[in-house]
Amino acid sequence: MRVDDRPLASFRVSMRDIDIYGHVHNSVYLDYCEDAVVELLRHRGILSHFRHTSSGVAYHVKKAEITFHNPVDVDDVVEPKVDVAKIGRSSLSFAIELYRRRDGAHCASAGLVWVCVGLSDSRPTPIPEATRAALTPG
């Protein structure tokens with residue numbers, strides 16, 4: 001997966017994310033990945049394209065896949081890297097990589113697929129051209 005090397009906001013792991021074995025519970029990584037995607041959209045100044053109230057469409061997660069490489073513990077600072085991996089007719093694929101700041105360890109690789117849906121019927125609909133243009137490099 002290719003990721004955008006521009007720095008995004010890092011975050012510190014909270015105690016609420018830790019399981020009984022002392023590391024971040026696997027399910028919490030999905031929250032981290034979604035937060036990282038939103039941060040990318042904010043970083044690019046296009047978050048309003050993804051608010052249903054201003055865009056006229058909604059985006060639902062269709063697929064989430066995470067590969068775990070190294071554990072993350074309480075108080076670790078996590079540095080995400082995210083890129084738009086693919087723009088389809090009605091879907092967006094994001095590549096996410098999570099790194100542990102204290103030693104640079106690669107902690108997780110993830111892929112999220114969002115589908116653009118109409119507000120009235122929640123059926124797949126084409127990604128608006130303004131959003132497509134804002135996401136396309138160049």
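In the predicted model, S122 is located in the loop that runs between strand 5 (106-118) and helix 3 (129-135). The backbone of S122 adopts a phi near 55°, which is a positive value in a residue that is not glycine. Most residues other than glycine have a negative phi.

D75 is placed in the loop between strand 2 (57-68) and strand 3 (77-87). With a relative accessibility of 47%, D75 is therefore classed as partly exposed.

A further loop residue, D19, is found between strand 1 (11-12) and helix 1 (28-43). D19 is buried and yet forms no salt bridge, the nearest side chain of opposite charge being that of R100, at 13 Å; a salt bridge would require a side-chain nitrogen of Lys or Arg within 4 Å of a carboxyl oxygen of Asp or Glu. A polar atom of the D19 side chain lies 2.9 Å from the backbone nitrogen of Y21. When neighbours within four places in sequence are left aside, D19 is in contact with V24 and H25.

Definitions and conventions: Residues numbered from 1 in each chain as written. Predicted model: local features only at pLDDT ≥ 70, side-chain atom pairs only at ≥ 80, totals over all residues. Heavy atoms only, no water. Helix = DSSP H or I, 4+ residues; strand = E, 2+ residues; numbered from the N terminus. Buried < 20%, exposed > 50% of the residue type's maximum accessible area, 1.4 Å probe, protein only. Lys, Arg positive; Asp, Glu negative; His and termini not counted. Polar contact = N/O pair within 3.5 Å; in protein donor to acceptor, adjacent residues only side chain to side chain. Contact = heavy atoms within 4.5 Å.
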